[in-house]
Amino acid sequence: MKHPQRRVAGGFLSQTMAPAMTKKVLLMGRSGSGKTSMRSIIFADYLARDTMRLSPTIDVEYSHVRFLGNLHLHLWDCGGQVIFSLSFVI
């Protein structure tokens, strides 16, 4: 039995192919807890020792990455200083 196909720009898309999924990921926590380091190791191919040169996040750093094929992540790396964290919850 053939899988149904749908015509799209540039060819056909099989119904068995999952459409791209987009998710928002908020990295929030205390200052110095490793949020930016974790993001850099997982998504930017940093080595753990390379994260020592990262500076603290001021306000929010936004990035967009493609992960595991068709998963698109909008990463929001929030600064952990008290002055910033108070503005996140209000």
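**Group meeting: a salt-bridge network around Arg39**

Okay, let's start with the charges: Arg39, Glu61 and Asp77 are linked in a network of salt bridges. By salt bridge I mean a side-chain nitrogen of Lys or Arg within 4 Å of a carboxyl oxygen of Asp or Glu. Before I go on, this is a predicted model, so local features need pLDDT of at least 70 and side-chain atom pairs count only at pLDDT 80 or more, while totals for chains, interfaces and linings use all residues. Residues are numbered from 1 along each chain as its sequence is written, and side-chain values use heavy atoms, with hydrogens and water left out.

Now the overall layout. The protein has two helices and five strands, in the order β-β-β-α-β-β-α along the sequence. Those are DSSP runs numbered from the N terminus: helices are H or I with at least four residues, strands are E with at least two. Of the 90 residues, 22% are buried. Buried is under 20% relative accessible area, exposed is over 50%, and partly exposed is in between, with a 1.4 Å probe and protein chains only.

One joins Glu61 and Arg39, at 3.0 Å from N to O. Glu61 sits in strand S4 (residues 60–67) and Arg39 in helix H1, so this pair ties together parts 22 residues apart in sequence. The other runs from Asp77 to Arg39, with the closest N and O atoms 3.4 Å apart.

Met38, Ile41 and Ile42 form a nonpolar patch on the surface, together about 250 Å² of accessible area. For patches, residues need over 30% relative accessible area and no salt bridge; like charges are joined within 9 Å, and nonpolar side chains (Val, Leu, Ile, Met, Phe, Trp, Tyr) within 5 Å. The areas are from the Shrake-Rupley method with a 1.4 Å probe, and for residues only the protein chains shown count as cover. Ile42 lies in H1, residues 35–43, and its 45% relative accessibility makes it partly exposed.

That's the picture: Arg39 in a salt-bridge network with Glu61 and Asp77, and a nonpolar surface patch that includes Ile42.
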